[in-house]
Every structure is written in structure tokens, then in C-alpha cells.
Amino acid sequence: MANGSTLERRDDPAKLISEPMFLFWRDEAQFCNLAPTAGETLAGSHTARGLATADYDGDGDVDLAVAINRGHPLLLRNDTVTPNRSLTIRLQGPEAARFGARVEVSGPSGTQIRWWGADVSYLSMHSNELVFGLGESSEPCTVRVAWADGEESKLGEVSGPQVVVRHPRIPG
């Protein structure tokens with residue numbers, strides 16, 4: 001979570017008050033803020049304005065870009081070493097059908113649901129790909145997309161790290 005005050009500093013009214021960012025991790029019972037221990041950049045305070053997610057290095061985990069008011073953007077690369085797999089889904093179809101599409105991934109570790117384009121941040125836009133964590137299992141999963149225009153797509157036995165789901169009216 002990126003934070004940035006709109007209040008001016010008393011010692012220098014030309015500058016805004018910095019605030020800490022938060023990096024939440026969910027264990028079995030609660031959310032824990034890992035930002036203070038996740039490196040110098042996240043441990044500090046910033047005048048952040050927006051945050052966008054993307055797998056910009058293509059390694060299957062989510063990286064972050066943070067817009068800083070009157071400053072340089074922060075690019076935070078996730079280099080977590082893990083035995084877990086991920087599935088990156090790209091939707092291909094008309095914009096009006098993609099925006100608000102419900103994407104469901106079901107596998108051995110359960111079912112996850114996300115909505116394409118539904119999680120925006122102030123003056124930011126996330127990547128057009130959705131990354132789902134699959135755990136350590138190598139079992140294939142099922143992908144279902146309920147497009148915003150009422151159409152539906154289903155892919156079974158998906159095991160690759162990336163998949164494109166085409167709108168039913170797009171020739172394959």
C-alpha cells in the first residue's frame with residue numbers, strides 16, 4: 001500500500017509530509033506488515049501517490065511500481081526464492097468485455113477469483129496480466145472467465161506458466 005500525505009511539512013511548506021508504505025503478507029490467521037523488514041526502500045517514508053503491479057521481469061511473481069510525488073518512481077522487483085508455481089493469465093478480447101471480467105483459477109490448493117481491471121490505484125494502472133499463485137503442486141488447473149458482456153470461456157488442464165484466454169467471439 002502506497003501512502004502520501006497532502007499536508008505540508010511545517011519546517012518546509014514546499015514539501016509534503018512523508019508516510020510509510022505497507023507490504024502485507026497473510027499467514028493463516030491475520031495480515032502482517034512486512035515493510036519495515038523488506039529492505040531500506042520500504043522501511044522508509046515516501047510521498048507516494050500511486051502503486052501498480054506487474055511481473056515486469058517475467059519471472060512469475062508480482063513486482064511493484066510506486067509513483068512518488070515530485071520524485072522518481074520506485075521500481076520494486078520481487079526476487080523471492082520459492083518452490084511455488086504461478087500462472088499468468090492474459091485476456092484477449094474487446095476492452096468492454098475484459099474490464100470487469102471475473103477470472104477464476106481452480107486447482108489442488110483451492111479456487112482463486114480476481115476481476116480484471118477492478119483493482120486500480122490513484123493515477124495508476126496495473127499490468128494487463130493477472131498472476132495467480134499455485135503453490136508447490138504441479139497438478140494442472142482449470143481457468144474460467146466470465147466476460148463482462150455475459151460470454152464465458154473455460155480452459156481445462158492448464159499447467160503452463162502463462163496462458164492467453166480469448167473471448168469466444170475472437171477467432172483462435
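**Exercise 1. Which residues lie nearest the centre of the largest cavity, and how many residues line this cavity?**

Solution. The structure is a predicted model.
Step 1: the lining of the largest cavity consists of 13 residues.
Step 2: nearest the centre of the largest cavity are G107, P108, S109, L134 and C141.
Step 3: the volume of the largest cavity is about 60 Å³.
Step 4: at least two lining residues come from each of β9 (102-107) and β10, and β9 gives the most, with three residues.
Step 5: the lining of the largest cavity comprises five nonpolar, six polar and two charged residues.

**Exercise 2. Determine which residues line the second largest cavity, and describe that lining by class.**

Solution.
Step 1: two cavities of 30 Å³ or more are present in the structure.
Step 2: the second largest cavity holds about 40 Å³ of space.
Step 3: M1, M21, F22, L23, L42, L51, L64 and L76 form its lining.
Step 4: sorted by class, the lining has eight nonpolar residues, no polar residues and no charged residues.

**Exercise 3. Characterise the largest pocket by its volume, its central residues and the elements that line it.**

Solution.
Step 1: the space in the largest pocket amounts to about 1400 Å³.
Step 2: of its 36 lining residues, L23, D61, V62, N78 and T80 lie nearest the centre.
Step 3: the elements that each supply at least two lining residues are β2 (24-26), α1 (40-43), β5 (48-54), β6 (63-68), β8 (85-92), β10 (110-115) and β11 (129-135).
Step 4: β11 contributes the most to the lining, namely five residues.
Step 5: the lining divides by class into 15 nonpolar, 12 polar and nine charged residues.

**Exercise 4. Describe the second largest pocket in the terms used for Exercise 3.**

Solution.
Step 1: the volume of the second largest pocket is about 200 Å³.
Step 2: it is lined by 16 residues, and T53, R114, H126, S127 and E129 are the closest to its centre.
Step 3: two or more lining residues are given by β5 and by β11; the largest share, three residues, belongs to β11.
Step 4: the lining contains seven nonpolar, five polar and four charged residues.

**Exercise 5. Is G44 buried, partly exposed or exposed, and which residues does it touch beyond four places in sequence?**

Solution.
Step 1: G44 is located in the loop between α1 and β4 (45-46).
Step 2: the relative accessible area of G44 is 24%, so G44 is partly exposed; buried would require under 20%.
Step 3: leaving aside residues up to four places away in sequence, G44 touches P20 and M21.
Step 4: between G44 and L155, 111 residues apart in sequence, the C-alpha to C-alpha distance is 43 Å.

Methods: Residues are numbered from 1 along each chain as its sequence is written. This is a predicted model: local features need pLDDT of at least 70, side-chain atom pairs count only at pLDDT 80 or more; totals for chains, interfaces and linings use all residues. Side-chain values use heavy atoms; hydrogens and water are left out. On a 1 Å grid over the protein atoms alone, a cavity is a set of points where a 1.4 Å probe fits but cannot get out, and a pocket is an open set with protein on both sides within 12 Å along at least five of seven lines; lining residues have an atom within 4 Å of a point. Grid points are joined across faces, edges and corners, and a volume is the space filled by probe spheres set on the points. Helices (H or I, at least four residues) and strands (E, at least two) are DSSP runs, numbered from the N terminus. Ala, Val, Leu, Ile, Met, Phe, Trp, Tyr, Cys and Pro count as nonpolar, Asp, Glu, Lys and Arg as charged, and the others, Gly among them, as polar. Buried means under 20% relative accessible area, exposed over 50%, partly exposed in between (1.4 Å probe, protein chains only). Contact means heavy atoms within 4.5 Å.
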